[in-house]
Amino acid sequence: MTELREPTPDDAPAIKRLLDQHALASFGELELSEEEIRSWFKMPNLWFRLAEENGELVGYLDVASDDSGHLDVDARTLDPGVARLLVETAEERAGEVTETPVLRGYVQGDEPVMREAYDDAGWQPIRYSFQMRIELDNEVPEPVWPDGLRPRNLQAGEEERVYEAHMDAFADHWDFRRQPFELWRSFTTQTHRYDPSLCWLAAISLNSWHFSGDPQFGWVHVLGVRPAWRRRGLATALLRHSFRDFAQRGAIRVGLGVDGENTTGAVRLYEQVGMRQVRRNDTYEKTL
(Lines give C-alpha, C1' and ligand atoms only; values in the text may rest on other atoms or scores of the structure.)
Protein backbone atom coordinates (compact mmCIF):
# COMPACT_ATOMS: atom_id res chain seq x y z
CA MET A 1 0.00 0.00 0.00
CA THR A 2 1.29 3.47 -0.90
CA GLU A 3 1.37 5.99 1.93
CA LEU A 4 1.93 9.73 1.76
CA ARG A 5 3.76 11.78 4.36
CA GLU A 6 5.34 15.17 4.82
CA PRO A 7 9.14 15.14 4.44
CA THR A 8 11.82 16.86 6.51
CA PRO A 9 15.33 17.99 5.51
CA ASP A 10 16.61 14.70 6.95
CA ASP A 11 14.92 12.97 4.00
CA ALA A 12 17.18 14.79 1.53
CA PRO A 13 19.55 11.82 0.92
CA ALA A 14 16.62 9.47 0.18
CA ILE A 15 14.93 12.10 -2.00
CA LYS A 16 18.15 12.52 -3.95
CA ARG A 17 18.39 8.75 -4.57
CA LEU A 18 14.83 8.71 -5.91
CA LEU A 19 15.32 11.80 -8.08
CA ASP A 20 18.62 10.42 -9.39
CA GLN A 21 16.83 7.26 -10.56
CA HIS A 22 14.12 9.36 -12.15
CA ALA A 23 16.63 11.64 -13.88
CA LEU A 24 18.62 8.74 -15.34
CA ALA A 25 15.42 7.19 -16.71
CA SER A 26 14.15 10.53 -18.09
CA PHE A 27 17.23 12.17 -19.58
CA GLY A 28 20.26 10.07 -18.78
CA GLU A 29 22.18 12.23 -16.30
CA LEU A 30 22.09 13.39 -12.70
CA GLU A 31 20.75 16.88 -12.09
CA LEU A 32 20.47 17.73 -8.39
CA SER A 33 22.85 17.85 -5.46
CA GLU A 34 21.77 16.98 -1.93
CA GLU A 35 22.50 20.59 -0.93
CA GLU A 36 20.10 21.79 -3.64
CA ILE A 37 17.35 19.50 -2.36
CA ARG A 38 17.89 20.64 1.23
CA SER A 39 17.51 24.25 0.08
CA TRP A 40 13.96 23.55 -1.13
CA PHE A 41 12.81 23.21 2.47
CA LYS A 42 13.65 26.89 3.01
CA MET A 43 11.44 28.06 0.16
CA PRO A 44 8.43 29.98 1.47
CA ASN A 45 5.77 28.72 -0.92
CA LEU A 46 6.46 24.99 -1.35
CA TRP A 47 4.24 22.18 -0.06
CA PHE A 48 5.73 18.66 -0.05
CA ARG A 49 4.67 15.04 0.08
CA LEU A 50 6.60 11.79 -0.23
CA ALA A 51 5.10 8.48 -1.33
CA GLU A 52 6.34 5.33 0.39
CA GLU A 53 5.69 1.61 -0.02
CA ASN A 54 6.91 -0.73 2.73
CA GLY A 55 9.22 1.98 4.00
CA GLU A 56 10.77 2.62 0.59
CA LEU A 57 10.51 6.02 -1.07
CA VAL A 58 8.74 5.66 -4.43
CA GLY A 59 7.45 9.15 -5.25
CA TYR A 60 8.11 12.84 -4.70
CA LEU A 61 5.71 15.78 -4.96
CA ASP A 62 5.96 19.48 -4.36
CA VAL A 63 3.38 22.15 -5.14
CA ALA A 64 4.33 25.83 -5.36
CA SER A 65 1.58 28.39 -4.94
CA ASP A 66 1.28 32.16 -5.23
CA ASP A 67 -1.43 34.81 -4.98
CA SER A 68 -2.44 34.45 -8.64
CA GLY A 69 -4.24 31.11 -8.24
CA HIS A 70 -1.61 29.28 -10.29
CA LEU A 71 0.14 26.27 -8.77
CA ASP A 72 3.28 24.66 -10.16
CA VAL A 73 3.50 20.90 -9.67
CA ASP A 74 6.71 18.88 -9.57
CA ALA A 75 5.86 15.16 -9.42
CA ARG A 76 8.46 12.44 -9.89
CA THR A 77 8.20 8.68 -9.77
CA LEU A 78 8.87 5.66 -11.97
CA ASP A 79 5.69 3.84 -10.89
CA PRO A 80 2.53 4.51 -12.97
CA GLY A 81 0.21 3.93 -10.02
CA VAL A 82 2.19 6.29 -7.81
CA ALA A 83 2.17 8.84 -10.62
CA ARG A 84 -1.64 8.84 -10.61
CA LEU A 85 -1.65 9.23 -6.81
CA LEU A 86 0.72 12.19 -6.98
CA VAL A 87 -1.46 13.94 -9.55
CA GLU A 88 -4.58 13.34 -7.46
CA THR A 89 -2.78 14.67 -4.38
CA ALA A 90 -1.66 17.79 -6.22
CA GLU A 91 -5.25 18.45 -7.31
CA GLU A 92 -6.51 17.99 -3.75
CA ARG A 93 -3.89 20.42 -2.47
CA ALA A 94 -4.84 22.97 -5.13
CA GLY A 95 -8.45 22.85 -4.03
CA GLU A 96 -7.38 23.65 -0.48
CA VAL A 97 -5.35 26.69 -1.56
CA THR A 98 -7.71 28.57 -3.87
CA GLU A 99 -11.22 28.38 -5.32
CA THR A 100 -10.44 28.04 -9.04
CA PRO A 101 -6.87 26.81 -9.20
CA VAL A 102 -4.83 26.51 -12.38
CA LEU A 103 -2.27 23.72 -12.06
CA ARG A 104 0.80 23.30 -14.21
CA GLY A 105 2.94 20.19 -14.25
CA TYR A 106 6.27 19.69 -15.97
CA VAL A 107 7.55 16.59 -17.75
CA GLN A 108 11.25 16.39 -18.55
CA GLY A 109 12.87 14.70 -21.52
CA ASP A 110 11.74 11.11 -22.08
CA GLU A 111 10.09 10.83 -18.66
CA PRO A 112 8.35 7.41 -18.67
CA VAL A 113 5.15 7.75 -16.59
CA MET A 114 4.05 11.31 -15.78
CA ARG A 115 2.76 12.19 -19.27
CA GLU A 116 0.26 9.36 -19.12
CA ALA A 117 -0.74 10.27 -15.57
CA TYR A 118 -1.44 13.87 -16.57
CA ASP A 119 -3.30 12.76 -19.71
CA ASP A 120 -5.47 10.33 -17.77
CA ALA A 121 -6.37 13.07 -15.26
CA GLY A 122 -7.47 15.47 -17.99
CA TRP A 123 -4.45 17.76 -18.02
CA GLN A 124 -3.57 19.29 -21.40
CA PRO A 125 -0.12 19.93 -22.91
CA ILE A 126 0.08 23.69 -23.44
CA ARG A 127 3.73 24.65 -23.89
CA TYR A 128 7.24 23.29 -24.22
CA SER A 129 10.69 24.49 -23.29
CA PHE A 130 14.26 23.48 -23.99
CA GLN A 131 17.37 23.04 -21.95
CA MET A 132 20.22 24.36 -24.08
CA ARG A 133 23.98 24.07 -23.59
CA ILE A 134 27.30 25.09 -25.00
CA GLU A 135 30.46 23.04 -24.58
CA LEU A 136 33.37 25.38 -23.88
CA ASP A 137 35.90 23.36 -25.88
CA ASN A 138 36.66 26.28 -28.22
CA GLU A 139 37.46 29.86 -27.35
CA VAL A 140 34.33 31.98 -27.12
CA PRO A 141 34.47 35.15 -29.25
CA GLU A 142 34.92 38.37 -27.33
CA PRO A 143 31.63 40.20 -26.76
CA VAL A 144 30.87 43.35 -28.72
CA TRP A 145 29.16 45.84 -26.43
CA PRO A 146 26.62 48.27 -27.89
CA ASP A 147 26.60 52.00 -27.18
CA GLY A 148 29.78 51.88 -25.15
CA LEU A 149 28.21 49.73 -22.42
CA ARG A 150 30.33 47.49 -20.23
CA PRO A 151 29.23 44.79 -17.76
CA ARG A 152 29.78 44.89 -14.03
CA ASN A 153 28.86 42.66 -11.13
CA LEU A 154 25.72 43.00 -9.07
CA GLN A 155 26.50 44.96 -5.89
CA ALA A 156 24.92 44.66 -2.44
CA GLY A 157 21.92 46.95 -2.18
CA GLU A 158 21.04 46.67 -5.88
CA GLU A 159 18.77 43.66 -5.55
CA GLU A 160 15.52 45.60 -5.88
CA ARG A 161 16.70 47.40 -9.03
CA VAL A 162 17.66 44.05 -10.56
CA TYR A 163 14.28 42.64 -9.54
CA GLU A 164 12.52 45.50 -11.36
CA ALA A 165 14.65 44.94 -14.47
CA HIS A 166 13.83 41.21 -14.36
CA MET A 167 10.09 41.87 -14.06
CA ASP A 168 10.21 44.43 -16.89
CA ALA A 169 12.23 42.16 -19.19
CA PHE A 170 9.74 39.29 -18.83
CA ALA A 171 6.48 41.26 -18.67
CA ASP A 172 5.61 40.17 -22.23
CA HIS A 173 6.34 36.50 -21.54
CA TRP A 174 3.36 34.18 -22.07
CA ASP A 175 3.28 33.08 -18.42
CA PHE A 176 4.34 36.30 -16.71
CA ARG A 177 3.20 36.67 -13.12
CA ARG A 178 4.80 39.49 -11.20
CA GLN A 179 6.37 38.02 -8.08
CA PRO A 180 6.58 39.86 -4.78
CA PHE A 181 10.13 41.04 -4.20
CA GLU A 182 10.66 38.84 -1.13
CA LEU A 183 9.60 35.71 -3.04
CA TRP A 184 11.89 36.66 -5.94
CA ARG A 185 14.82 37.05 -3.55
CA SER A 186 14.21 33.59 -2.08
CA PHE A 187 14.79 32.07 -5.54
CA THR A 188 17.69 34.33 -6.61
CA THR A 189 19.90 36.26 -4.21
CA GLN A 190 19.12 34.17 -1.10
CA THR A 191 19.84 30.70 -2.48
CA HIS A 192 22.92 28.73 -1.53
CA ARG A 193 24.15 28.96 -5.13
CA TYR A 194 24.06 32.77 -5.26
CA ASP A 195 27.41 34.35 -6.03
CA PRO A 196 27.28 38.04 -7.03
CA SER A 197 30.63 37.72 -8.79
CA LEU A 198 28.87 35.47 -11.35
CA CYS A 199 26.04 37.96 -11.96
CA TRP A 200 26.52 40.58 -14.67
CA LEU A 201 24.68 43.80 -15.27
CA ALA A 202 24.38 45.79 -18.48
CA ALA A 203 21.06 44.18 -19.02
CA ILE A 204 20.86 41.27 -16.50
CA SER A 205 22.57 37.88 -16.54
CA LEU A 206 22.09 36.16 -13.19
CA ASN A 207 24.40 33.17 -13.24
CA SER A 208 25.39 30.41 -10.84
CA TRP A 209 26.88 26.96 -10.81
CA HIS A 210 24.52 24.18 -11.84
CA PHE A 211 21.96 22.60 -9.49
CA SER A 212 23.95 19.35 -9.61
CA GLY A 213 26.90 20.95 -7.82
CA ASP A 214 29.16 20.16 -10.78
CA PRO A 215 32.00 22.72 -10.49
CA GLN A 216 32.53 22.59 -14.26
CA PHE A 217 28.91 23.27 -15.22
CA GLY A 218 27.81 26.91 -15.33
CA TRP A 219 24.17 27.94 -15.39
CA VAL A 220 22.47 31.10 -16.68
CA HIS A 221 19.51 31.41 -14.35
CA VAL A 222 18.09 34.63 -15.80
CA LEU A 223 19.02 36.48 -18.99
CA GLY A 224 16.85 39.52 -19.57
CA VAL A 225 16.88 42.73 -21.58
CA ARG A 226 14.33 45.47 -21.02
CA PRO A 227 12.17 46.04 -24.14
CA ALA A 228 13.60 49.50 -24.89
CA TRP A 229 17.12 48.01 -25.12
CA ARG A 230 16.40 44.98 -27.28
CA ARG A 231 17.80 44.41 -30.78
CA ARG A 232 21.11 46.07 -29.90
CA GLY A 233 23.18 42.95 -29.21
CA LEU A 234 23.09 43.18 -25.42
CA ALA A 235 21.91 39.61 -24.86
CA THR A 236 24.57 38.21 -27.18
CA ALA A 237 27.28 40.27 -25.51
CA LEU A 238 26.16 39.22 -22.02
CA LEU A 239 26.05 35.55 -22.98
CA ARG A 240 29.52 35.60 -24.47
CA HIS A 241 30.85 37.51 -21.50
CA SER A 242 29.26 34.93 -19.15
CA PHE A 243 30.66 32.01 -21.16
CA ARG A 244 34.17 33.48 -21.07
CA ASP A 245 33.88 34.20 -17.34
CA PHE A 246 32.76 30.64 -16.62
CA ALA A 247 35.59 29.25 -18.77
CA GLN A 248 38.14 31.26 -16.79
CA ARG A 249 36.72 29.68 -13.63
CA GLY A 250 37.17 26.14 -14.98
CA ALA A 251 33.76 25.43 -16.53
CA ILE A 252 33.60 23.12 -19.55
CA ARG A 253 29.90 23.69 -20.28
CA VAL A 254 27.16 26.25 -19.66
CA GLY A 255 23.40 25.69 -19.80
CA LEU A 256 20.09 27.51 -19.52
CA GLY A 257 16.36 26.93 -19.91
CA VAL A 258 14.23 28.70 -22.51
CA ASP A 259 10.59 28.77 -23.55
CA GLY A 260 10.38 26.92 -26.86
CA GLU A 261 7.80 29.37 -28.21
CA ASN A 262 9.53 32.53 -26.98
CA THR A 263 8.44 35.53 -29.07
CA THR A 264 11.69 37.50 -28.69
CA GLY A 265 13.74 35.01 -30.73
CA ALA A 266 15.65 33.66 -27.73
CA VAL A 267 16.09 30.11 -29.07
CA ARG A 268 17.56 31.40 -32.32
CA LEU A 269 19.84 33.80 -30.42
CA TYR A 270 21.17 30.99 -28.24
CA GLU A 271 21.84 28.84 -31.27
CA GLN A 272 23.72 31.70 -32.89
CA VAL A 273 26.14 31.89 -29.93
CA GLY A 274 26.84 28.15 -30.15
CA MET A 275 24.26 26.59 -27.85
CA ARG A 276 22.28 23.49 -28.77
CA GLN A 277 19.09 21.88 -27.54
CA VAL A 278 19.78 18.90 -25.27
CA ARG A 279 16.34 18.30 -23.78
CA ARG A 280 12.70 19.19 -24.36
CA ASN A 281 10.41 19.65 -21.36
CA ASP A 282 6.62 19.78 -21.70
CA THR A 283 4.14 21.79 -19.62
CA TYR A 284 0.70 20.36 -18.79
CA GLU A 285 -2.19 22.38 -17.39
CA LYS A 286 -5.53 21.76 -15.72
CA THR A 287 -8.07 24.21 -14.31
CA LEU A 288 -10.19 22.79 -11.52
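Why is strand β10 largely enclosed by the rest of the structure? Seven of its eight residues are buried, that is, under 20% relative accessible area with a 1.4 Å probe and protein chains only. The model is predicted, with local features requiring pLDDT of at least 70 and side-chain atom pairs pLDDT 80 or more, while totals for chains, interfaces and linings use all residues. Residues are numbered from 1 along each chain as its sequence is written, and side-chain values use heavy atoms, without hydrogens and water.

View 1. In the order β1-β2-β3-β4-β5-β12-β6-β11-β10-β9-β8-β7, 12 strands form an open sheet of mixed pairing. Strands are DSSP runs of E of at least two residues and helices are runs of H or I of at least four, numbered from the N terminus; two strands pair if DSSP finds at least two bridges between them. At the edges lie β1 and β7 (152-153), each pairing on one side only.

**View 2. Strand β1 at Glu3.** Glu3 belongs to strand β1 (residues 2-5). Beyond its neighbours within four places in sequence, Glu3 contacts Leu50, Ala51 and Glu52, contact meaning heavy atoms within 4.5 Å. The C-alpha atoms of Glu3 and Ala51 are 5.6 Å apart, although 48 residues separate the two along the chain.

**View 3. Strands β2 and β3 with helix α3.** Strands β2 (residues 46-53) and β3 (residues 56-65) run antiparallel and are joined by eight bridges. Leu46 faces Ala64 in β3. Helix α3 (residues 80-97) lies across β1, β2, β3, β4 (70-77), β5 (102-108) and β12 (276-287), at about 30° to β3; axes are lines fitted to C-alpha atoms, for helices over the stretch in contact, and angles run from 0 to 180 degrees between N-to-C directions.

**View 4. Strand β10 between its partners.** Six bridges link β9 and β10, which are antiparallel, and Ile204 has Gly224 in β10 as its bridge partner. Three bridges join β10 to β11, which run parallel; Phe217 stands opposite Arg253 in β11.

View 5. The whole structure holds one cavity of 30 Å³ or more, a cavity being a set of points on a 1 Å grid over the protein atoms alone where a 1.4 Å probe fits but cannot get out. The largest cavity has a volume of about 100 Å³, the space filled by probe spheres set on the points, which are joined across faces, edges and corners. Its lining residues, with an atom within 4 Å of a point, include Phe187, Arg193, Leu206 and His221. Strand β9 (residues 204-209) gives the most to this lining, with three residues.

Definitions and conventions. On a 1 Å grid over the protein atoms alone, a cavity is a set of points where a 1.4 Å probe fits but cannot get out, and a pocket is an open set with protein on both sides within 12 Å along at least five of seven lines; lining residues have an atom within 4 Å of a point. Buried means under 20% relative accessible area, exposed over 50%, partly exposed in between (1.4 Å probe, protein chains only).
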